[in-house]
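Where are the pockets in this model, and how do its helices pack? The paragraphs below take these two topics in turn.

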Amino acid sequence: MSIAANALPAPVRGALDRLHEAGFEAWIVGGCVRDLLLGRVPTDYDITTSARPEQTKQVFAQERVVETGIRHGTVTVLLEGMPLEITTYRVDGSYSDARHPDRVTFTTSLQEDTARRDFTINAMAYAPGWGLRDGFGGQGDLSRRLIRAVGDPQRRFQEDALRVLRAVRFAAVLDFALEEETETAARQWAGRLREVSAERVFQELSKLLCGPGAGRVLRDYPDILGQVIPELLPMVGFEHRNRHHCYDVYTHTVVAVDHVPPRLPLRLAMLLHDVGKPETFSMGEDGQGHFYGHARRSEALTRQILTRLRAPKKLLEEVTALVRWHDVPLSEDPRQIRRWLNRLGPGRFLDLLEIQRGDAAGQAPAYCTRIDQANRLENLAREILAQAPCLTVRDLAVDGRDLLALGYRGPAIGAGLQAMLEQVLEGVLPNEKGPLLQWLREKDAKKAE
C-alpha cells in the first residue's frame, strides 16, 4: 500500500507546501490517508500541523480563514474553493461528557497527536516528500482488515462513547472485523451510547446500514445496536413458530437487510419492518405462530424510533410508508398496479417491491415465491410507466379551467377531476380531453334526471 504524491488535490498539496515553506510540519491525517491507501477517493481532507492556530492564520493571511474550532486548535482555510480543516498537534484532556475533551493541550509531536485518535487505521499521516507516518500499525491493520483501537481500547471508548458506534460503522462500511480487545471494550462501553446526541447516532447508523458488511455487523452486534434502538432487542431469538420462516425475527431481519440495495430508505425500512412482531405474536389453533397487525404496529414503532433519532421528515415518511405496506398482497392486474402507482408514486412503489423481495429472501426457501411475483410486478409496472400513464390529477388531459367552463365551482372541481382520474385508472376511459368531458357531461345529466 502506498500513496502517490499526485493523488492529492492541488489545494491540499498547496496548503501542505505553504506550511512547510513557513517552517512547520504539516500532514494530511485520518480518514483521507486510510482511503488513499485503500485506493478510494476521499470525500474530504484534514490537515494536522505543528503550527499554532494563530500561526496557521498568518500563513494563510491572504485566504479566507474561519475559526471553526479555534478552542481545539482548528481553523478552516478556503483554498481554491476547497475548505480544508487545519488543526494544531494536540493532546486531549478528560472527556466528562463522553463525547468532547474538556480541554486540549497543544504539542509539537505528531506521535502524541495521533495517539489521541480512535482507531489505528485513522491514526496515520502523510505528506508528499515526507512519506507515511504510522505509529500504531494502521497499515498492517488495513492489510488484515481489522478495526483496532489506538492504545487502550477501554480508554478510547470511555473518552468518547460515539466511538463504539463508529467501530461497528467502520466494520460495516469497510467490511472489516473488530480486533478482539477492541470488540470486548466496545461491548462493555456500549451503554454510554445513550448519552450521545441523537443526530450523531443517526449519522453513524445511516452509514453503517448502507455498508457492504451491514448484515454481518447487525447479526454480530445486536447488543450494541440495541443501545441506540432498544426496540430491536425483543426480536433477538424470538422464534416465528411458523412454517413460512426458518429464522428468528431478528435473523430474518438481518437477512432481509442484506437483500435490499444499499439505499438508506430501503435499509431502514427493512431493519424496522418487523419490529412490531414480538408485541403482536399469537399462537393459532392451527399450531402456527401469527402476527396479526404487526405491520401497523411496526409502522408506529418506526415512527417513534426515527422521530427519536431526529431523522429528516421526508425520510421518516418514506420509511414508515414502506413498513406499513411491506406485506400487503399485490395483484398483477394492470388496473391494480396503476392504483398502487397512483397511491405511492412510481419510485416508492418500486421501492416497495424491493422491500417485498428482501422480506421474502429472509423466509424459509419453500416460501420465497414472492420474489418471483415481485419481479413480475416490477416488469409490469415498468411497462405501464413506459407508456407515460395518467397516474394523478395533474396528468389528466383536462384541468380545472375545463371544469370551470362547464359550470363547476369550488370543491366540485376537485371532485370532478378525481372522478375522471378513477375512470382512467380503471381503464374505462382514455386520458383524452374529449372522452373525459363527454363522460362528465353524461354523468351530470344522469344526476339531473
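The model is predicted: local features need pLDDT of at least 70, side-chain atom pairs count only at pLDDT 80 or more, and totals for chains, interfaces and linings use all residues. Residues are numbered from 1 along each chain as its sequence is written, and side-chain values use heavy atoms, with hydrogens and water left out.

A pocket here is an open set of points on a 1 Å grid over the protein atoms alone, with protein on both sides within 12 Å along at least five of seven lines; a 1.4 Å probe is used, and lining residues have an atom within 4 Å of a point. Grid points are joined across faces, edges and corners, and the volume is the space filled by probe spheres set on the points. The largest pocket has a volume of about 1,500 Å³. Its lining has 44 residues, and D46, E85, R117, R166 and R200 are the closest to the centre. Elements that each supply at least two lining residues are α2 (31-37), β2 (46-49), β3 (64-69), β5 (82-88), β6 (90-92), α7 (162-174) and α9 (198-209); helices (H or I, at least four residues) and strands (E, at least two) are DSSP runs numbered from the N terminus. The most comes from α7, with seven residues. By class, the lining holds 13 nonpolar, twelve polar and 19 charged residues, where Ala, Val, Leu, Ile, Met, Phe, Trp, Tyr, Cys and Pro count as nonpolar, Asp, Glu, Lys and Arg as charged, and the others, Gly among them, as polar.

The second largest pocket holds about 400 Å³ of space. Of its 18 lining residues, H245, K277, H294, D327 and Q363 lie nearest the centre. This lining divides into one nonpolar, ten polar and seven charged residues.

Two packed helices are described by the angle between their axes and the distance between the axes. Axes are lines fitted to C-alpha atoms, for helices over the stretch in contact, and angles run from 0 to 180 degrees between N-to-C directions. For α12 (residues 249-258) and α13 (residues 264-272), the angle is about 165 degrees and the axes are 8 Å apart. That makes α12 roughly antiparallel to α13, a term for angles over 145 degrees. In this pair, T253, A256 and V257 of α12 meet R267, M270 and L271 of α13, contact meaning heavy atoms within 4.5 Å. The contact comprises four nonpolar residues, one polar and one charged.

Helices α18 (residues 346-361) and α19 (residues 369-386) cross at roughly 165 degrees, and their axes come within 8 Å. Therefore α18 is roughly antiparallel to α19. Residues in contact include F349, L350 and L353 on the α18 side and I371, A374 and L377 on the α19 side. The whole contact divides into eleven nonpolar, two polar and five charged residues.

Helix α18 also packs with α16 (residues 313-324), at an angle of about 50 degrees and with axes 10 Å apart.

Conventions. Angles under 35 degrees count as roughly parallel, over 145 as roughly antiparallel, 65 to 115 as roughly perpendicular and the rest as oblique.
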